[in-house]
Structure formats: structure tokens, C-alpha cells
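Keep the sequence and the 3D view side by side as you read.

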Amino acid sequence: MSDQSKQHDDASMAALTAKIEAYYDGLLDGAGVEALEAELRSDPAAMRHYLAWMSLHSELSWTHRATDESESVMHQMVSSTSGGSSAAAGHDAAEASTANLSRTSAAWWRGAAAVAAAAAIATGVWMSVNHTMTGPTGLDEYAATAPDGPAVATLTDSADAVWAADSSVHDMLDPGAGVPAGPVRLQSGSAQMIFNSGAVVTLLGPTQMTMTGPNTCRLERGALMAFVPKRAHGFKVDTPDATITDLGTEFGVRVSDAGVSELHVFEGRVQATPRGTIGGTTHKAPAAVRFDGPNTPTAIDAMSKADFRDELGVTLPFRYAHWSFDEVSPGDLAAGDGHGFNTDALTAKLTHVGGDASASTAVGLSEGRFGKALELDGAGDYAVTKFEGVGADTPRTVAMWVRVPKDWSTNEGFSMVHWGLHEPGGAWQVSVNPRSQDGPVGRLRIGINGGQAVGATDLRDGKWHHVAVVFLGGVKSNIATHTRLYVDGRLDALGAAVSEPVNTDLGVTGKYHPVTFGRNISGGVGNQFGFRGSIDEVYIFDTALSRRQIEHLMTDNLPPEQPR
């Protein structure tokens with residue numbers, strides 16, 4: 001593609017994004033809606049962009065407003081550049097403003113800005129009461145490809161999803177497929193769909209639900225989270241003992257195995273009507289109630305969005321690898337342990353460029369957060385295993401303790417740990433960001449060669465910090481939209497990100513890199529050899545851990561319990 005054609009495509013996508021945002025803010029007039037519908041009907045790329053925007057819209061809402069201490073990227077940048085309380089904040093904002101956000105990620109960032117604006121400035125407008133409207137008819141037509149009848153929703157994403165045989169959504173469906181009225185049986189994992197009305201629902205397995213219409217569903221067992229834009233006002237969820245009607249909101253519903261329902265209102269208002277009664281009561285966030293038969297609902301402790309999702313936990317057995325770096329045996333070998341992986345492959349050989357290193361003079365151990373830690377000089381020290389890591393678009397978590405010296409320099413950031421193939425999308429490299437053009441320097445970074453996500457918390461203080469990179473995985477997953485960064489157990493805001501599909505390559509024998517600590521996956525070109533600092537208690541999981549599980553790992557230095 002020529003540069004001129006690419007610029008034209010980028011401009012077209014930017015214009016389409018502006019129209020989608022205006023539509024969901026209720027700002028398009030009749031002619032504008034008709035034009036958008038026509039574009040979605042005639043252009044599959046436009047439809048895919050529409051679905052991706054809606055999926056991102058809700059994912060950002062869950063991710064960046066999940067906790068009080070977790071701010072959106074745009075909110076943080078606005079605060080920093082408008083007279084923030086510290087010089088460091090201004091410095092961070094200046095570094096972030098120089099981030100090289102590629103044109104391919106422009107739509108992502110514009111969507112992030114819309115979410116931040118809706119959250120911080122226009123929540124009242126966004127959540128205001130309006131009559132029920134369906135989405136653009138272009139979406140209805142696109143979704144009407146469901147194999148079992150007219151579609152009432154569109155599957156937009158899934159992560160580690162396992163579907164029951166009698167489910168109208170199954171493993172053969174890709175994002176973009178229509179979902180007809182009928183049973184949806186998610187045995188484990190999570191999935192997201194957009195109802196034809198525009199309501200976005202995330203299912204958390206195991207869940208049993210029935211699609212009953214373009215703006216209605218019935219939850220029999222399990223849990224869902226709903227993000228309801230203005231145009232989907234009136235979205236309704238029936239449970240065994242209540243009817244829950246949106247009044248402009250974000251909420252979660254779960255139904256126990258005994259059929260007892262709970263409602264948790266995260267934003268806005270919800271009307272809840274116990275089965276067999278008339279009218280109902282309105283609940284304004286933050287609020288939570290439990291229903292048990294045709295009685296007045298009982299108030300219970302309200303959960304945040306993050307806690308609601310985290311309490312469900314990991315639903316599939318997982319594997320993990322662990323390196324404590326507490327001792328080095330003869331031959332400069334540091335043993336690893338874990339569950340489900342070949343432990344012989346986990347042994348890390350401590351090495352120095354130019355030959356093996358003596359653990360006492362080069363690659364060595366220092367006082368760690370728990371016991372000893374691996375000390376790396378950034379100039380030739382590294383440790384390499386025979387463990388291939390976690391590949392393709394499989395969910396994963398990398399967690400460790402790290403200590404970055406105060407005098408750390410930008411040629412000492414790549415990397416704390418890496419594996420995969422040094423090709424676009426094929427690498428997996430966790431670093432301290434050394435490149436100002438990619439985002440704020442000195443922050444937690446996950447890069448995949450061609451795309452990266454960079455956090456907002458400065459690690460350059462000579463103290464121990466617990467860091468974690470969580471990749472949600474799933475079909476068509478992207479490093480910018482499917483990654484969560486944690487520092488000291490708290491969700492870290494993104495300082496910058498560039499989109500790139502994740503497909504960690506483990507299949508090129510002799511070319512891919514096994515799990516390696518302290519060295520740049522590129523081989524250490526020029527003065528960018530490796531990481532300088534200390535790492536301790538490194539864990540790699542083949543599942544996406546929740547915030548609570550990461551907190552447990554940080555506090556107790558023990559992996560989560562396996563699901564039963």
C-alpha cells in the first residue's frame with residue numbers, strides 16, 4: 001500500500017470513528033444515521049471497525065474505571081498538562097505526549113478519549129433517560145447471518161471460552177457472527193456480545209443465559225456485566241426471581257445455583273422488580289440487592305466492577321512456571337518449579353556474553369524481596385532456560401518483583417524477561433520502557449515487536465515493586481486493547497500503546513527464543529544489550545489472573561488455588 005493510500009484509509013477510519021461516536025452520543029440527525037447505515041451495509045471493513053469500536057468502548061470502561069485509583073489515559077494526561085500537583089506529573093505527561101502512537105492505533109486512542117470524556121465530563125448526558133432505539137440497521141443486517149435464525153446480537157470477542165453443545169454460540173463462531181434467539185451456554189472463560197439495540201454484555205463462565213430479543217435476555221445461572229449506551233435504554237435482564245430494567249447504567253447480575261439473584265449497580269440507575277410483583281424499586285449506584293422470592297429485595301454490600309469480575313476467578317485449570325532465584329547450583333544453574341510444565345526445561349543457566357559467568361563475580365544473586373534475587377548488570381549478564389513460554393494468542397500472566405536503580409539509563413531497559421520470535425507480533429518481551437517515542441520512560445512495558453503497551457508508574461526509585469502483565473487472549477486479540485498492567489497490586493493506567501495483534505511464535509525451531517531473563521530479544525544490538533537491576537520471584541501463567549489473584553501472589557508469594 002502506498003503512503004498516499006494509507007493516509008486516505010486512515011482518514012476514512014478517523015471520519016468513520018467520528019460518526020460512530022456522534023451516533024452513540026445521539027448527535028447524528030436522520031440523514032446522518034441513514035448515511036452511517038448505508039456505509040455499514042456496503043463496507044465490511046467499516047462494519048468490522050464499528051464492532052471493534054463498540055467492543056473497545058466497553059472494555060475500556062471495565063478496565064480504566066474499574067477502581068477508584070485507576071484512571072483513564074486521557075484523564076491522566078489532561079490532569080498533568082493542566083497544572084498537575086507535581087513536577088513529575090508534568091514530566092510524565094511531556095514524555096507521554098511524545099509517544100509515537102502509530103496511525104494504525106489512532107482509532108483506538110480516539111475511542112479511549114471518548115470513554116474518558118464520557119466518564120469524566122458527560123456521564124449525566126451519556127446515562128440520561130431516552131426511549132429505546134435499535135442500533136443502525138447496518139448492524140442488524142450484518143448480524144443476521146446467524147445459522148439458526150435471525151440474529152438478536154453479534155459476538156464481538158471471547159477469551160478462553162468453552163461453549164456447551166446445546167449453546168447457540170459455539171466454538172466454530174468467530175467475532176462478527178450473529179447470535180440468534182435461544183440458549184447461550186458458556187461453560188468457562190468469558191465472552192462479549194453487542195445486542196442489536198447497542199447494549200454490550202460480557203458473560204463470565206460458567207453461565208446459562210437465553211437470548212430473548214434484540215434488547216432482552218434471561219439469565220438462569222452465572223453472571224453477566226452490562227454496559228448500556230444511551231440508545232439501548234430499557235435493556236432488560238430477567239432472572240428466576242426478578243426483572244432488571246436499565247435506566248441508563250452499567251451493572252452486573254449473577255444468579256446462584258440455587259436460583260438466588262443479585263444486582264450490583266456500578267453506574268447510573270436500575271429498576272428492579274421482584275417476580276410476581278408490580279412496579280419495582282429504583283437503585284442508584286453504588287448499590288446492590290439480593291432477591292429471594294417475591295419479597296422486597298435485601299440490600300447487600302455493593303461491589304466495584306473489578307471486584308464483581310474478580311470474585312468469579314479463573315474457571316479453568318492453569319499451568320505455571322516459577323523462578324525464585326534463591327540459590328545457584330554448580331554450573332551456574334538456577335532451578336525453576338511450577339505446575340503442568342516440564343520442570344527440567346525451567347532450569348535457568350546464568351550466562352555472560354563471552355562465556356559462562358561465575359555467580360560470585362558476574363551474573364549473581366543479591367538480597368531479594370523473598371530470599372535472594374537475580375542481579376543483572378545490563379551489559380552482558382543474562383539467564384536462559386529451555387522453556388518455550390506461552391504461545392499464540394493464549395491468555396497469560398507474567399508477574400515478578402523488580403528493583404530498578406535510581407541511576408538506571410535508557411540503554412538498560414530491554415528486557416526483564418522475553419520469549420518467542422523477533423518478528424511482528426511474534427515476540428513477548430517484558431521490560432522497563434527505555435524509549436520516549438513509545439511512551440513514558442521508566443515504566444512497565446510489554447512489547448511484541450510492532451506494538452506495545454506502556455504503563456504510567458515510574459519504577460526508577462531503587463525500591464522493590466511487584467509488577468504484572470496480564471494478557472486476556474482470545475480471537476483477534478490485540479496488545480493495546482487486551483492487556484492489563486499492574487504495579488504493586490493496582491491496575492496501572494496506560495501511558496501509551498500501539499496496536500498489534502498478538503501471536504507469540506513458538507514454532508520456528510532454532511529461531512524462536514526460549515524464556516530468557518535480562519537480555520534483549522533482538523540479541524542486544526549496540527548498547528541495548530539487556531536489563532540492569534534485580535528481579536525476583538518470577539511467575540508465568542497460561543491464564544489471565546484477576547486483580548485479587550495478583551494481590552494474593554504479591555502478598556503471599558504463592559500461586560492462586562486451582563479451580564475445582
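Trp323 is buried, with a relative accessible area of 0%; buried here means under 20% relative accessible area, exposed over 50% and partly exposed in between, using a 1.4 Å probe and protein chains only. Phe387 is buried too, at a relative accessible area of 5%. Before going further, please note that this is a predicted model, in which local features need pLDDT of at least 70, side-chain atom pairs count only at pLDDT 80 or more, and totals for chains, interfaces and linings use all residues. Residues are numbered from 1 along each chain as its sequence is written, and side-chain values use heavy atoms, leaving out hydrogens and water.

A search of the whole structure finds 14 aromatic pairs. Rings of Phe, Tyr and Trp (its six-membered ring) pair if their centres lie within 6.5 Å, and planes under 30 degrees apart count as stacked, over 60 as edge-to-face and the rest as tilted. The ring centres of Trp323 and Phe387 are 6.3 Å apart with the planes at 40°, so this pair is tilted. It connects distant parts of the chain: Trp323 belongs to strand E12 (residues 320-323), while Phe387 is in the loop between strand E19 (381-384) and strand E20 (396-403), 64 residues apart. Trp323 and Phe387 also share one aromatic cluster with Phe325, Phe341 and Phe517.

Aromatic rings meet charge as well. The charged end of Arg369 sits over the ring of Trp401, 4.7 Å from its centre, and Arg369 also lies over the face of Phe370, at 5.1 Å from the ring centre. The criterion is that NZ of Lys or CZ of Arg is within 6 Å of the ring centre and within 35 degrees of the ring normal.

Now for the strands. The chain has 10 helices and 30 strands, taken as DSSP runs numbered from the N terminus (helices are H or I with at least four residues, strands E with at least two). Strand E17 (residues 364-367) runs antiparallel to strand E18 (residues 372-377), joined by 4 bridges; two strands pair if DSSP finds at least two bridges between them. Leu365 has Leu374 in E18 as its bridge partner. This hairpin has 4 residues between the strands, and Gly371 takes a positive phi near 70°.

A second hairpin is formed by E8 and E9, with 6 residues between them and a positive phi of about 85° at Gly276 in the turn. Strands E8 (residues 261-274) and E9 (residues 281-284) pair in the antiparallel sense over 4 bridges, and Val270 has His283 in E9 as its bridge partner.

In H2, Gly32, Val33, Leu36, Glu37 and Leu40 are buried. They cover an arc of only 135° around the axis, which puts them on the same side of H2; the arc is that of the directions from the helix axis to the C-beta atoms. Exposed residues Ala31, Glu34 and Ser42 are carried on the face turned away from the buried side of H2.

Which residues are buried in helix H10 (residues 547-556)? They are Arg547, Gln549, Ile550, Leu553 and Met554. Seen down the axis of H10, these buried residues fall within an arc of 165°, so they line one face of the helix. Just after H10, Asn557 takes a positive phi of about 55°.
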